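Please read the points below against the coordinates.

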Amino acid sequence: MAMAETNLANRLGDAGSRLEAVAPARAALERYRSLAVNDPVYASDVALACHNLSHALASAGLRSEAVGAAADAVAAYRELARKTPDSFVPDLADALVNLGNQLQEVDRYGEAEIAMDEALDIYRE
């Protein structure tokens, strides 16, 4: 069901129904979080759902909320990268770039620069 909600959110966004895409993106995240409580295999789905939600929120013009979802994605990917670096460090870098972009959109330039610098350090390694 969470995958279907993610797909619906993506299709709505692609069709220009950006505000309508937020609800299924939120629902997918909550469903993945519920699944991850009992099965850690869903942790990467939680991270990706946070990332997707941040994009949906930003596209809908909900920039401050997008920052929160992007920060949640970074935190989730940071934990995954700590446990399995080869698999998740690239995703952490991508999430940091997204966070930097979202922070920039709400005029938090200093924090955006820190996130982008960390992403660049990862890409350079």
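In which hand, left or right, does α5 pass α6? The crossing of α5 past α6 is left-handed, a crossing being left-handed if the near helix is turned anticlockwise from the far one by less than a right angle, and right-handed if clockwise.

The model is predicted, with local features needing pLDDT of at least 70 and side-chain atom pairs counted only at pLDDT 80 or more, while totals for chains, interfaces and linings use all residues. Residues are numbered from 1 along each chain as its sequence is written, and side-chain values use heavy atoms, with hydrogens and water left out.

1. Helix α5 and helix α6. Helix α5 covers residues 85-105 and helix α6 residues 109-124; their axes come within 8 Å and cross at roughly 160°. α5 is therefore roughly antiparallel to α6. Helices (H or I, at least four residues) and strands (E, at least two) are DSSP runs, numbered from the N terminus. Axes are lines fitted to C-alpha atoms, for helices over the stretch in contact, and angles run from 0 to 180 degrees between N-to-C directions. Angles under 35 degrees count as roughly parallel, over 145 as roughly antiparallel, 65 to 115 as roughly perpendicular and the rest as oblique.

2. Residues between α5 and α6. In this contact (heavy atoms within 4.5 Å), α5 contributes residues including Leu 92, Leu 96, Leu 99 and Leu 103, and α6 residues including Ala 112, Ala 115, Met 116 and Ile 122. The contact of α5 with α6 divides into 14 nonpolar, 3 polar and 3 charged residues. Here Ala, Val, Leu, Ile, Met, Phe, Trp, Tyr, Cys and Pro count as nonpolar, Asp, Glu, Lys and Arg as charged, and the others, Gly among them, as polar.

3. Helix α1 and helix α2. These two pack at an angle of about 160°, their axes 8 Å apart. That makes α1 roughly antiparallel to α2. Their crossing is left-handed. Among the residues in contact are Leu 8, Ala 9 and Leu 12 of α1, with Ala 21, Pro 24 and Ala 28 of α2. By class, the contact of α1 with α2 has 11 nonpolar, 2 polar and 4 charged residues.

4. Helix α3 and helix α5. The axes of α3 and α5 come within 11 Å and cross at roughly 25°. α3 and α5 are therefore roughly parallel to each other. The crossing is left-handed. Ser 44, His 51, Ser 54, His 55 and Ala 58 of α3 meet Phe 88, Asp 94, Ala 95, Asn 98 and Gln 102 of α5. This contact of α3 with α5 divides into 3 nonpolar, 6 polar and 1 charged.

5. The largest pocket. Its volume is about 230 Å³. The lining holds 14 residues, with Ala 9, Asn 10, Asn 52, His 55 and Ala 56 nearest the centre. α1 (2-14), α2 (18-38) and α3 (43-59) are the elements that give two or more residues to this lining. The lining divides into 6 nonpolar, 6 polar and 2 charged residues. On a 1 Å grid over the protein atoms alone, a pocket is an open set of points where a 1.4 Å probe fits, with protein on both sides within 12 Å along at least five of seven lines; lining residues have an atom within 4 Å of a point. Grid points are joined across faces, edges and corners, and a volume is the space filled by probe spheres set on the points.
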